[in-house]
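Please keep the structure open while you read this note. The points below go from the aromatic rings to the core.

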Amino acid sequence: MVEIKNLDKYTADFYFAKEQIGKRKQVMTQLNTKKEYIKQFQEALDQAGSERTTLTTYLDSQFKQLDQLIECISQETFWQVFPEILGVDSKLNLLTELMPFEDFSNEEIIRIVENDYKDYFKELCGYDLKTKDKPSMIFHIV
């Protein structure tokens, strides 16, 4: 656990939110299509309430980025494109995890997502940010 007294308000709020998220039990859903994948994020935005509808623009921009990346992935481009796809996935997941926390404005949520998405999977796996990255694709996000 990070010592919150030594952190600025936004960072402390972020760590508090992560702690609360960790306490919730997550249900894993099998995703078979891009449509199902996108639907889960749209539903999370809908459930977050009308005060979060301004995040729709950000969500849509991430979906467009994902479409562009999927279109250009090939055997030749895989190693450049796949880390970017993981980055979009990380942003989308972090966005939906932060939406329920009313202490964060929409602008703060976007700022946190853009600043922290590269470390999302590392933290999700329980690694400290100071830990040297493991040789896995999920820790090398662009």
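1. Start with helix α2. This is a predicted model. In it, Y37 and F41 are both buried. They lie 4 residues apart in α2, so about one helical turn separates them.

2. Now look at a second pair. The ring centres of F78 and F82 are 5.1 Å apart, and the planes meet at 15°, so this pair is stacked. The cut-off for stacking is under 30 degrees. F78 and F82 sit 4 residues apart in helix α4, so they too are separated by about one helical turn.

3. Buried would need under 20%.

4. Check the neighbour W79 too. F78, W79 and F82 form one aromatic cluster.

5. The charged end of K91 sits over the ring of Y117, 4.5 Å from the ring centre.

6. Next, the largest nonpolar core. This core has 29 residues, and L59, L92, L95, L98, I109 and V113 touch the most other members. Helices α2 (34-48), α3 (56-72), α4 (78-98), α5 (106-116) and α6 (120-124) each supply at least two of its residues. The largest share, 8 residues, comes from α4.

7. Finally, take I109. Which residues does I109 touch, leaving out those up to four places away in sequence? They are R52, L55, L95, L98, M99 and F104.

Terms used. Residues are numbered from 1 along each chain as its sequence is written. This is a predicted model: local features need pLDDT of at least 70, side-chain atom pairs count only at pLDDT 80 or more; totals for chains, interfaces and linings use all residues. Side-chain values use heavy atoms; hydrogens and water are left out. A nonpolar core is a set of buried Ala, Val, Leu, Ile, Met, Phe, Trp, Tyr and Cys residues joined through side-chain atoms within 4.5 Å. Buried means under 20% relative accessible area, exposed over 50%, partly exposed in between (1.4 Å probe, protein chains only). Contact means heavy atoms within 4.5 Å. Rings of Phe, Tyr and Trp (its six-membered ring) pair if their centres lie within 6.5 Å; planes under 30 degrees apart count as stacked, over 60 as edge-to-face and the rest as tilted. A charge sits over a ring if NZ of Lys or CZ of Arg is within 6 Å of the ring centre and within 35 degrees of the ring normal.
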